[in-house]
Amino acid sequence: MEDASPFKQRVVEIIRRIPQGLVASYGQIALYAGFPRAAREVGSVLKRTKEDLPWWRVVNNTGRISIEGNWEADKPLQSKLLRAEGVEVREDFSLDIEKHRWRMPEREIRMLQLPEEYITKIITKYSQLPLI
């Protein structure tokens with residue numbers, strides 16, 4: 001990934017970690033990358049990158065497939081790829097994001113080497129619930 005900004009590098013790294021059958025939101029990726037409020041920029045990275053990424057695992061935070069514009073990906077393709085991984089996508093391109101949301105384990109979150117305020121926000125908002 002030559003000549004990539006630190007932001008792009010982090011976004012690519014985070015998206016590569018999303019496991020099959022799970023999704024993350026654009027804002028979630030931005031926060032994990034250390035750039036809160038950069039959800040739109042995550043979309044721009046996905047649209048412009050030549051990296052081989054599981055781009056279809058990134059949806060908006062309301063649980064909608066929201067690809068727009070003219071690039072190689074589209075809503076039906078993203079829906080098909082998610083369904084092939086077991087994600088239940090409705091005909092209106094929506095899904096239950098909380099059911100399918102990827103939650104990075106806390107130990108991995110701490111390895112991101114982010115400011116403590118971001119780590120706290122991530123753990124509060126997206127961490128896995130303890131098993132009972």
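**Exercises on burial and packing in a predicted model**

S25 has its place in strand 1; strands (E, at least two residues) and helices (H or I, at least four) are DSSP runs numbered from the N terminus. The model is predicted, so local features need pLDDT of at least 70 and side-chain atom pairs count only at pLDDT 80 or more, while totals for chains, interfaces and linings use all residues. Residues are numbered from 1 along each chain as its sequence is written, and side-chain values use heavy atoms, with hydrogens and water left out.

**Exercise 1.** Determine whether S25 is buried or exposed, and list what S25 touches.

*Solution.* Step 1: buried means under 20% relative accessible area, exposed over 50% and partly exposed in between (1.4 Å probe, protein chains only). With a relative accessible area of 1%, S25 is therefore buried.
Step 1: contact means heavy atoms within 4.5 Å. Not counting residues up to four places away in sequence, S25 touches V58, V59, N60, N61, I97, R101 and Y126.
Step 2: a polar atom of the S25 side chain lies 3.0 Å from the backbone nitrogen of Q28.

**Exercise 2.** Count the aromatic pairs and classify the pair of Y32 and W102.

*Solution.* Step 1: rings of Phe, Tyr and Trp (its six-membered ring) pair if their centres lie within 6.5 Å; planes under 30 degrees apart count as stacked, over 60 as edge-to-face and the rest as tilted. By this rule there are three aromatic pairs.
Step 1: the ring centres of Y32 and W102 are 5.4 Å apart and the planes stand at 85°, so this pair is edge-to-face.
Step 2: Y32 belongs to helix 2 (residues 26–32) and W102 to the loop between helix 5 (97–100) and helix 6 (106–111), so the pair ties together parts that are 70 residues apart in sequence. Y32 and W102 are both buried.
Step 3: W55 and W56 also form an edge-to-face pair, at 5.8 Å centre to centre and 85° between the planes. W55 counts as buried at 18% relative accessibility, and W56 does at 17%.

Notes: Polar contact = N/O pair within 3.5 Å; in protein donor to acceptor, adjacent residues only side chain to side chain.
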